[in-house]
Each structure stands twice: as C-alpha cells, then as structure tokens.
Amino acid sequence: MSHNTFGKLFRVTTFGESHGPAIGCVIDGCPPLIPLTEADIQAELDRRRPGQSRFVSQRREPDTVRILSGVFQDERMKQQVTTGTPIALLIENVDARAKDYGDIRDKFRPGHADYTYWAKYGVRDYRGGGRQSARETASRVAAGAVAAKVLASLYKNVRIRGALIQVGTEKIDRKRWNWNEIARNPFFCPDAKSAAQWEVYLDGVRKRGSSVGAAVEVVAEGIPAGLGAPIYGKLDADIASALMSINAVKGVEIGAGFATAAMSGEDNADEMRKGARGKPKFLSNHAGGILGGISTGQPIVARFAVKPTSSILTPRRTIDTSGHDTEIATKGRHDPCVGIRAVPVGEAMLALVLADHALRHRAQMGGR
C-alpha cells in the first residue's frame with residue numbers, strides 16, 4: 001500500500017492497523033529546539049480516544065503515546081526539546097477484539113471500504129477494518145500535537161479549534177455559539193441547548209442499532225497573511241485534501257463554501273477598510289481566510305461532512321467475497337456517530353497543513 005505520507009517539508013507517515021499490536025507515525029522535518037514531551041501529545045489523544053461516553057465506540061483504548069526518537073534532554077537543559085531528526089511516536093493497541101468480526105470476514109459492509117480494498121489489493125484485514133479503520137486517526141492527532149508546537153514557535157497567539165455543528169438532521173443555533181461549551185459536553189458542541197437535545201437524539205439512534213452523519217467546523221486563528229501559493233500550492237486546496245483524507249469524510253468547504261453559489265458579487269466580497277499597523281480590516285470573511293490560495297490573516301475556517309458509520313446492527317443487503325448475495329449485520333463496538341471523535345482529528349489535520357505551509361513559506365521568503 002502506497003501513499004501513507006502527508007506533507008512537503010513537515011512530513012508525517014502513519015503506520016499500523018486497528019487490531020495490530022500498535023499504531024503510530026514518523027514525523028520528518030520538525031525543526032530543532034522545540035519543547036516537546038509525551039504530555040503535550042497525550043492531552044490531544046485523550047480528547048479523541050474511544051470509550052469516553054455512550055455516544056462513541058466503547059473500545060477501551062488508553063491511547064498512551066511513547067516518543068521513541070527525535071527529542072533530547074540532559075542535566076544541563078531545563079526541558080526536553082526536538083533535535084531536528086525524525087520523531088517516532090508509538091501507540092499500543094490494548095483492547096482489540098478480533099472475534100467481533102468473525103461473522104463478516106467474507107462479507108462486504110455496504111458504505112464501507114471493505115469492497116474497494118478487496119478489489120484493489122485482493123486481501124483485507126476484516127478485524128476492525130485494519131488500515132481503513134478510524135483507529136488510524138489517533139496517529140494523525142499525535143502528529144497534529146507536534147505540528148501545533150511548531151506553529152506556536154513561529155507565530156504568537158495561534159489557536160486551532162474545532163466544533164461539531166450538526167448531528168444527523170440536528171443543527172446547532174450559531175447565535176448560541178460559545179467555545180467554552182465544547183469542554184462541557186461529550187459532543188464538542190458549542191451550543192449547550194443543542195448538546196442536550198443531541199443526547200436524546202443519539203440515544204434513539206443507538207438503540208435502533210443505526211448511525212448518523214455529522215458536520216464539523218475547524219477554525220485557525222493567529223495565522224498571518226502570506227501562507228500558501230497560487231495555482232498548485234494553494235493553502236485551501238491542501239486543507240481540503242487533508243480534511244477529505246479523514247476516514248468517512250465526504251464533503252469539505254472553505255469559508256462560506258457552497259453557500260457562495262447563491263450569493264451576489266456584492267454579498268460575497270469581503271470588503272476592506274484601513275486597519276491598524278498598515279494591515280487591512282476585513283468587514284466579512286466569506287473566503288474563510290484564504291484568497292487565491294494564500295492566507296489573508298483572517299481566521300481560517302473550514303467545514304467537513306462525515307457520513308454515518310457503516311458498521312451497524314440493522315441488516316443490510318450485500319455480497320460476499322465469492323460474489324453471492326447475502327445480508328450483513330455488524331456486531332461489536334462502533335460509533336453511532338463517528339463525526340463526534342472527528343473533531344480533534346480535523347483540528348490535527350488543519351495544524352499539519354498550516355505547519356507544513358509555515359515552513360514552506362519560511363524556506364521561500366526567509367523571515368518575511
């Protein structure tokens with residue numbers, strides 16, 4: 001299997017399968033002398049790990065990360081720092097249950113990548129989906145924590161945050177948006193009233209043995225103007241590619257996105273006035289902080305849609321590996337809404353893209 005590496009200068013290669021002994025990643029291109037400990041990474045992994053509420057997979061994985069290389073500290077140093085060499089991160093799998101998948105080893109789950117993996121490679125790891133499992137995203141979150149440290153070393157006041165803005169048919173009220181609410185509910189929801197309603201809604205979905213999709217919004221603040229390049233190095237193109245690479249994502253938009261199709265030129269234009277220190281003051285942000293593939297200095301805003309979990313208890317029509325018609329019902333521990341745990345994954349992928357582009361910008365433009 002090829003294409004397991006992401007990025008140009010800040011490069012991440014992930015490895016491992018859902019029910020293998022471990023998953024992890026190797027980060028190449030991280031600058032030296034950046035403070036980095038396992039605790040920095042663990043804090044982000046703890047936000048993504050399963051088993052934290054009844055609304056996500058009940059697989060009990062502590063997702064404890066180990067830094068195997070790329071950092072150094074001795075008695076002369078106050079803190080551990082990166083050395084500029086490859087950083088290897090390892091996360092052991094401790095609660096895999098391969099027996100849960102025995103009934104589907106010769107059947108393809110509708111809406112899942114089972115069939116396409118079989119068609120391409122002629123073999124598939126049916127235990128939790130193997131490499132196609134959302135378990136792989138833990139490696140991305142770990143790498144994203146390192147990327148966030150890189151961004152913090154380059155720019156002041158950088159902040160990357162994500163929120164769940166829709167579960168199934170239920171949307172938040174953006175007038176009630178409060179970033180502080182995200183840590184107070186199991187959904188990363190910025191609207192306290194919607195979060196309470198989602199509990200009832202998802203309990204019904206879970207009890208039916210079904211699943212629903214979701215929409216996630218990620219925002220990066222404190223990114224200066226100038227990141228990205230026209231034509232083949234567009235910042236928004238790389239963000240869209242990164243978010244679309246997340247398991248189960250089927251749609252991405254930047255800024256106002258598809259809503260711009262219904263706008264007039266007057267409505268869509270992000271008008272400008274004279275701002276402080278010679279920089280423009282934008283009167284709106286329909287562009288999502290990116291114009292011509294280059295950051296404007298405004299908040300970078302992206303959204304992505306996550307499809308419903310394919311592993312459900314409700315029987316579905318399918319075929320087996322011999323091409324025979326059959327039915328399938330997936331047992332085991334699965335997310336009724338996989339979009340919930342996709343929030344920290346979206347944050348991580350945005351951080352990875354921005355760290356990569358920040359280093360590319362520095363390489364081309366120097367200190368400018």
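Visitor: What makes α1 and α3 count as being in contact, and which residues meet?

Guide: Contact means heavy atoms within 4.5 Å, and by that rule Asp40, Ile41, Glu44, Leu45 and Arg48 of α1 meet Thr137, Ala138, Val141, Ala142, Ala145, Val146 and Lys149 of α3. These residues divide into 7 nonpolar, 1 polar and 4 charged, where Ala, Val, Leu, Ile, Met, Phe, Trp, Tyr, Cys and Pro count as nonpolar, Asp, Glu, Lys and Arg as charged, and the others, Gly among them, as polar. This is a predicted model, in which local features need pLDDT of at least 70 and side-chain atom pairs count only at pLDDT 80 or more, while totals for chains, interfaces and linings use all residues. Residues are numbered from 1 along each chain as its sequence is written, and side-chain values use heavy atoms, with hydrogens and water left out.

Visitor: Why are α1 and α3 called oblique to each other?

Guide: The axes of α1 (residues 38–48) and α3 (residues 137–154) come within 9 Å and cross at roughly 140°. Angles under 35 degrees count as roughly parallel, over 145 as roughly antiparallel, 65 to 115 as roughly perpendicular and the rest as oblique, so α1 and α3 are oblique. Their crossing is right-handed, the name used if the near helix is turned clockwise from the far one by less than a right angle.

Visitor: What makes α5 and α7 a packed pair?

Guide: Helix α5 (residues 235–244) and α7 pack at an angle of about 145°, with their axes 9 Å apart, and this crossing is right-handed. Leu235, Asp238, Ile239, Ala242 and Leu243 of α5 are in contact with residues of α7 including Gly346, Met349, Leu350 and Arg360. By class, the contact has 8 nonpolar, 2 polar and 2 charged residues.

Visitor: Which element gives the most to the lining of the second largest pocket?

Guide: That element is α3, with 6 residues.

Key. Axes fitted to C-alpha atoms, helices over the stretch in contact; angles between N-to-C directions. Helix = DSSP H or I, 4+ residues; strand = E, 2+ residues; numbered from the N terminus.
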